[in-house]
Amino acid sequence: MTDKKKTTGQKTPGQKVPGQKVPGKNKPAGTAKATSGRGQRDLTIKVKTARGRKLSSTLWLQRQLNDPYVKRAKADGFRGRAAYKILELDDRFRFLVPGARVVDLGCAPGGWCQVAVTRVNALGEKQGKRVGRILGVDLQEVEPIAGCEIHQLDFLEDDADDKVKEWLGGRADVVMSDMAASASGHKQTDHLRIIALCEAAAYFAFDVLEEGGTFVAKVLAGGAEAELQKLLKLRFRKVLNVKPDASRADSSEKFVVATGFKRDLSDQAADQDGLTEE
Ligand SMILES: C[S@@+](CC[C@H](N)C(=O)[O-])C[C@H]1O[C@@H](n2cnc3c(N)ncnc32)[C@H](O)[C@@H]1O
């Protein structure tokens, strides 16, 4: 197991954290209201093909330049348009509550963490409300985010769950994953890869979540997700599939939201006997 790098986003007065707006000057990241943005997707900028640039890159660039969520993310100080997906999911299911302890698997570049910091009151800015904790992990290095503890870690490593519980000082209320396996370009292969990643994230959540906890994860629709649903239904009281408005309509991406985690009675007994490391 390699705990390659830990970056803690401790806020120091006057410090400008990359990706976060300076309060007072701009709206702080995470205060944006989630709206669909649909209907604003008409293409306005055409990107010319350039020598040496592939057609797929030109189309990607054109889509980025015309995506209202990309524009909003820039204006709102979020590190990416993905922030609006978790905002929407949380507006609907309310799992990022003040005081919640959250694990964000595959957190780079940090948009979901930015949203979570505000919603769980990780910086203690909401007076009189409980203060939550955010722990983000990713294969890649992530620029610090105030209120968030970030580790460079492959969550698939053997003792990743124990490490996370140790860093968190106990179990989590929320495990969320926006992870994507590197794309092969072959639709069915990519689907199977992401389902495998999501299933691994689910087993990770079983080891880390508190009774009643929530698991949120990205999946790609494509046929092999039935097993995953079955698995989640065994351990959660409610399992729903959601396609947020911020998720591109032409992508097969959707999110599974599983609430009301049921810990095994054997896990609970082991914890009480001190047999399981917290
Ligand atoms: C789509 S990005 C996440 C975006 C993020 N939610 C945000 O709002 O900025 C997916 C991330 O998953 C990470 N990832 C993929 N497999 C991983 C693994 N086994 N362990 C940790 N991170 C992983 C990738 O490095 C990538 O940064």
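Mentor: Gladly! Let's begin in the loop between β2 (101–105) and α4, where P109 lies. Keep in mind that this is a predicted model.

Trainee: What joins A108 and P109?

Mentor: First the general idea: most peptide bonds are trans, and most residues other than glycine have a negative phi. Here, a cis peptide bond links A108 to P109, with omega at about 0 degrees.

Trainee: Thanks! Which value does phi of R94 take?

Mentor: Phi of R94 is near 50 degrees, a positive value in a residue that is not glycine. You will find R94 in the loop between α3 and β2. N121 is another non-glycine residue with a positive phi, about 65 degrees, and N121 sits in the loop between α4 and β3.

Trainee: Is R94 buried or exposed? And is N121 buried or exposed?

Mentor: R94 counts as exposed because it has 11 C-beta neighbours inside 10 Å. N121 has 21 other C-beta atoms within 10 Å, so it is buried. Over the chain, 38% of the 278 residues are buried.

Trainee: Now the helices. At what angle do α3 and α4 pack?

Mentor: In general, two packed helices are described by the angle between their axes and the distance between the axes. In this model, helix α3 (residues 83–93) packs against helix α4 (residues 111–119) at about 40 degrees, and their axes are 7 Å apart. Therefore α3 is oblique to α4. Their crossing is right-handed.

Trainee: Which residues make the contact?

Mentor: From α3 come A83, I86, L87 and D90, while α4 brings G111, W112, Q114, V115 and R119. By class, the residues of this contact are five nonpolar, two polar and two charged.

Trainee: Which residues come nearest to the ligand?

Mentor: Of the 21 residues around the ligand, the nearest are A82, G106, A108, G111 and D178. A108 is also a partner in the cis peptide bond, and G111 belongs to the α4 side of the helix contact. α4 and β3 (133–138) each supply at least two residues of the shell around the ligand. That shell divides into 12 nonpolar, five polar and four charged residues.

Trainee: How many helices and strands are in the chain?

Mentor: The chain has eight helices and eight strands. Among its contacts with a separation of 6 or more, 68% are between residues 24 or more positions apart.

Note on methods: Residues are numbered from 1 along each chain as its sequence is written. This is a predicted model: local features need pLDDT of at least 70, side-chain atom pairs count only at pLDDT 80 or more; totals for chains, interfaces and linings use all residues. Axes are lines fitted to C-alpha atoms, for helices over the stretch in contact, and angles run from 0 to 180 degrees between N-to-C directions. Helices (H or I, at least four residues) and strands (E, at least two) are DSSP runs, numbered from the N terminus. Angles under 35 degrees count as roughly parallel, over 145 as roughly antiparallel, 65 to 115 as roughly perpendicular and the rest as oblique. A crossing is left-handed if the near helix is turned anticlockwise from the far one by less than a right angle, and right-handed if clockwise. Two residues are in contact if their C-beta atoms, placed from the backbone, lie within 7 Å. Ala, Val, Leu, Ile, Met, Phe, Trp, Tyr, Cys and Pro count as nonpolar, Asp, Glu, Lys and Arg as charged, and the others, Gly among them, as polar. A residue is buried if 20 or more other C-beta atoms lie within 10 Å of its own, exposed if 12 or fewer, and partly exposed in between; C-beta atoms are placed from the backbone. A residue is near a molecule or strand if its C-beta atom, placed from the backbone, lies within 6 Å of it.
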